[in-house]
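The points below are set out for a colleague who is examining the coordinates. Please read them alongside the sequence and the model.

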Amino acid sequence: LLVSKDLGKHLLEVEDLLQKHGLLEADISAQTERVQALNAAALKFSELEGYQPCDPQIICNRVNHVQTCLEELGELAGKRRKELEDSRQLWAFFQEMEEAEAWIREKEQILAAKTCGRDLSSVLTLTNKHKSMLGELGSRRALLHQTMKRGEQILAKKRFSPGGIQEKMREVRLRWKKLEEVTGLHQQRLQEALNFFQFSAETDDLVAWLQDTYRIVSSDDFGHDDYSTQALLRKHRAVVEEVEKHRATVLALRKQLALLAPEHRQGVDVQIRVVEVEQLYGEVAEVAVLRQQWLQDALAVYRMFSEVHACEVWVDEKEQWLERMEVPEELDEVEVVQHRFESLDQEMNSVMGRILDVNQVVQQLVDGGHPSSEEVRSCQDHLNSRWNRVVELVERKKGQLSSVLKIQNYLLEC
């Protein structure tokens with residue numbers, strides 16, 4: 001049993017042989033105690049005085065022979081155990097290598113069947129799964145490194161044919177290298193897909209924002225008075241600032257597109273999408289500028305109407321006063337009225353400046369093609385007409401005063 005050359009042909013068989021060898025070692029250990037007891041008893045017969053049933057030398061030779069055989073048996077058992085343990089180490093190595101190959105094949109099949117997702121959500125899910133697989137890859141790499149190290153140790157002992165071990169190690173190393181290359185390639189494809197879908201999602205968000213902003217800046221609500229138009233103008237200026245802030249984002253789209261993988265950036269749909277975003281942004285910016293101008297024009301109109309109203313109130317008051325006023329005949333009263341006309345001249349100069357400002361605003365609105373040009377022009381004409389009437393009344397009343405003064409002065413001279 002101890003000189004058998006059967007060292008097993010796989011790990012389970014070696015384990016079985018080691019178990020049987022353990023039983024044999026236990027039996028040898030038990031027999032060793034028995035042999036030592038028998039040898040001790042036999043040696044007593046070589047030490048008898050007087051009658052000796054056997055030659056003492058024969059007894060000693062017999063005891064030495066049995067002891068030598070026992071020692072040789074122990075040496076054979078030790079050698080057999082060492083060979084079996086070396087065999088177990090060898091077959092354990094091959095089994096670990098086979099397990100590594102099986103794991104590599106499994107991951108190769110998984111990677112071969114994996115897609116890169118159809119949208120951002122699926123790509124993120126696949127990316128998380130791939131990260132988990134990278135963690136498994138790291139753990140398996142450490143185990144494989146230990147197995148390879150044991151293979152090198154087996155080769156160093158030179159107890160077994162190194163060809164099978166070296167070939168297996170070379171084969172597994174090549175397959176592992178290929179697996180890491182495929183894993184890296186798949187990770188790169190996932191990253192490229194992630195970049196593309198993130199780009200698409202950000203572009204969609206930008207388009208949605210631009211569409212909402214377009215609806216805002218294309219509104220036909222310009223307010224109904226000075227206060228409401230000012231409020232709309234403040235809000236619109238905030239929108240214009242946001243539009244300007246997004247200019248850099250829109251301009252960066254082509255740079256981001258250029259950074260995508262060729263299979264993604266060369267797609268007709270994505271290129272058309274970028275052009276559509278640029279065109280939409282241009283429309284939003286253009287309409288925003290127009291709406292700001294329209295709001296400013298509306299504000300100018302409402303302020304002009306307010307100024308016209310104020311001027312007309314003054315004109316109404318002065319017109320009524322002038323129509324009711326009768327030129328007095330007494331000199332003292334004439335002088336009082338004359339002082340009033342001097343104050344009126346100062347007021348008229350001030351109002352005249354306001355009316356000139358109104359005329360200038362009206363001309364700007366008409367030249368700019370404001371939609372309310374006719375209404376504004378009509379309001380201007382009405383104000384100017386009433387102003388001219390007041391001017392005529394003033395001139396007529398002044399003329400009457402001047403005539404009365406001349407008569408009074410003539411009478412005084414007489």
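1. Contact range. Among contacts in the protein chain (heavy atoms within 4.5 Å) between residues at least 6 apart in sequence, 81% join residues at least 24 apart.

2. Basis of the values. This is a predicted model, in which local features need pLDDT of at least 70 and side-chain atom pairs count only at pLDDT 80 or more, while totals for chains, interfaces and linings use all residues. Residues are numbered from 1 along each chain as its sequence is written, and side-chain values use heavy atoms, with hydrogens and water left out.

3. Secondary structure and overall form. The protein chain has ten helices and zero strands; helices (H or I, at least four residues) and strands (E, at least two) are DSSP runs, numbered from the N terminus. The radius of gyration, taken over C-alpha atoms, is 57 Å, well over the 22 Å that the globule rule gives for 414 residues, so the protein chain is more spread out than a compact globule. That rule is 2.2 Å times the number of residues to the power 0.38. Along the principal axes, the C-alpha atoms fill a box of roughly 205 × 55 × 25 Å.

4. Burial. Of the 414 residues of the protein chain, 34% count as buried. Here buried means under 20% relative accessible area, exposed over 50%, and partly exposed in between (1.4 Å probe, protein chains only).

5. Domains. The assignment gives domain 1 (1–86), domain 2 (194–295) and domain 3 (299–413); such bounds come from an automatic or database domain assignment. The centres of domain 2 and domain 3, taken over C-alpha atoms, are separated by 52 Å.

6. Nonpolar cores. A nonpolar core is a set of buried Ala, Val, Leu, Ile, Met, Phe, Trp, Tyr and Cys residues joined through side-chain atoms within 4.5 Å. In the largest one, which has 28 residues, F199, L210 and V277 touch the most other members. Two or more residues of this core come from each of α3 (120–157), α4 (162–217), α5 (226–251), α6 (253–259) and α8 (268–324), with α4 giving the largest share, ten residues. A second, separate core of 26 residues includes C311, W314, V376 and C379.

7. Which residues does V277 contact, leaving aside its neighbours within four places in sequence? They are T203, L206, V207, L210, V250 and L253. Y214 lies in helix α4 and counts as partly exposed because its relative accessibility is 32%. With neighbours within four places again set aside, Y214 is in contact with E283, V284 and V287. A37 is 177 residues from Y214 along the chain, and the C-alpha atoms of the two are separated by 109 Å.

8. K397. This residue is placed in helix α10 (residues 373–413). Is K397 buried or exposed? K397 counts as buried because its relative accessibility is 9%. A polar atom of the K397 side chain lies 3.4 Å from the backbone oxygen of L322.

9. Cysteines. A search of the whole structure finds zero disulfides, a disulfide being a pair of cysteine sulfur atoms within 2.5 Å. C69 counts as partly exposed, at 35% relative accessibility, whereas C116 is buried, with a relative accessible area of 12%.

Note on methods:
Polar contact = N/O pair within 3.5 Å; in protein donor to acceptor, adjacent residues only side chain to side chain.
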